[in-house]
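Subject: Structure handover

Hi,

Here is the structure for you to look through. Please open it alongside this note.

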Amino acid sequence: MTTPVCTSASAVAASARRALPHPRLRSGAGTLAYPSFSSYVRARQPVLLRTARSLTANPSDAEDLLQTALAKTYVAWERIEDHRALDGYVRRALVNTRTSQWRKRKVDEFVCDELPEPEPVPGEDDPAERQALHDAMWRAVAKLPARQRAMVVLRYYEDLSEAQTAEVLGVSVGTVKSAVSRALGKLREDPELGLVR
């Protein structure tokens, strides 16, 4: 089972509350003890969110990532000596948090004799095989004499009747029938078409 890329904001907030070194760091009912932290977050959140979005593919994950980095920053607020370098501190927290999330993800790999390919659904052809057959058929049709090729194309690709094909080519219906029959015989014997059947 893989671990989620980002933890929820509520889980981060709970872990940040548990990580606070002492209750004196919290003031009142759920308000932050550092007004300077609150004003910093209000002022810099759009810029920091852009940084978080550049580290993740999902906007929701970016918000969670920023929440986690800000919770870590809040815990270390008293230890940060130069508050002019806060952006760098938070960006480093973003990168470190994202790196930790990548490392935590678990990928299960199993050794097996055969690759687990899905069973083909009846009625659904493989597009690659269909294209290979189409290409081979056109190459085989191109090998036919010009008259037979014209009759096969009109009869089967243009879906004309034998009478319509005869009319277009100015020949009798019997000529169309015999020529198409000979052409189909040649196509059945074509070695390239035998490989894709």
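Below are the findings, grouped by topic.

First, the ground rules. This is a predicted model: local features need pLDDT of at least 70, side-chain atom pairs count only at pLDDT 80 or more, and totals for chains, interfaces and linings use all residues. Residues are numbered from 1 along each chain as its sequence is written, and side-chain values use heavy atoms, with hydrogens and water left out.

**Cores**

A nonpolar core here is a set of buried Ala, Val, Leu, Ile, Met, Phe, Trp, Tyr and Cys residues joined through side-chain atoms within 4.5 Å. Buried means under 20% relative accessible area, exposed means over 50%, and partly exposed lies in between (1.4 Å probe, protein chains only). Helices are DSSP runs of H or I, at least four residues long, numbered from the N terminus.

The largest nonpolar core has 19 residues. Phe 37, Tyr 40, Leu 66, Leu 70, Val 90 and Leu 94 touch the most other members. Helix 2, helix 3 (59–75) and helix 4 (86–104) each supply at least two residues of this core. A second, separate core has 8 residues, including Ala 140, Val 152, Leu 187 and Leu 193. As background, nonpolar side chains in soluble globular proteins tend to be buried together.

Contact means heavy atoms within 4.5 Å. Leaving aside neighbours within four places in sequence, Tyr 40 is in contact with Gln 45, Leu 48, Trp 77, Leu 86, Asp 87 and Val 90. Thr 51 is found in helix 2 (residues 35–55). Thr 51 is buried, at 18% relative accessible area.

**Aromatic rings**

Rings of Phe, Tyr and Trp (its six-membered ring) pair if their centres lie within 6.5 Å; planes under 30 degrees apart count as stacked, over 60 as edge-to-face and the rest as tilted. The structure holds 4 aromatic pairs. One of them joins Phe 37 and Tyr 74, edge-to-face, at 5.1 Å centre to centre with 65° between the planes. This pair links distant parts of the chain: Phe 37 is in helix 2, Tyr 74 is in helix 3, and they are 37 residues apart. Phe 37 is buried, at 6% relative accessible area. Tyr 74 is also buried, at 6%. Ring pairs link Phe 37, Tyr 40, Tyr 74 and Trp 77 into a cluster.

**Salt bridges**

A salt bridge is a side-chain nitrogen of Lys or Arg within 4 Å of a carboxyl oxygen of Asp or Glu. The whole structure has 4. Three of them follow, each with its N to O distance.

- Asp 190 and Lys 143 meet at 3.2 Å. Asp 190 lies in the loop between helix 8 (173–189) and helix 9 (191–196), and Lys 143 in helix 5 (residues 127–143), so the pair ties together parts that are 47 residues apart in sequence. Asp 190 is buried, at 8%, whereas Lys 143 is exposed, at 53%.
- Lys 177 and Glu 162 meet at 4.0 Å. Lys 177 lies in helix 8 and Glu 162 in helix 7 (residues 162–169), so this bridge ties together parts that are 15 residues apart in sequence. Lys 177 is partly exposed, at 46%. Glu 162 is partly exposed, at 28%.
- Arg 84 and Asp 82 meet at 3.1 Å. Arg 84 is exposed, at 77%, and Asp 82 is partly exposed, at 35%.

**Helix 8**

Which residues of helix 8 are buried? They are Val 176, Ala 179, Val 180, Ala 183 and Leu 187. They cover an arc of only 100° around the axis, so they sit on the same side of helix 8. The arc is that of the directions from the helix axis to the C-beta atoms. The face turned away from the buried side carries the exposed residues Arg 188 and Glu 189.

**A backbone point**

Most residues other than glycine have a negative phi. Asp 159 is not a glycine, yet has a positive phi of about 60°. Asp 159 is found in the loop between helix 6 (146–157) and helix 7. At 63% relative accessibility, Asp 159 counts as exposed.

Best wishes
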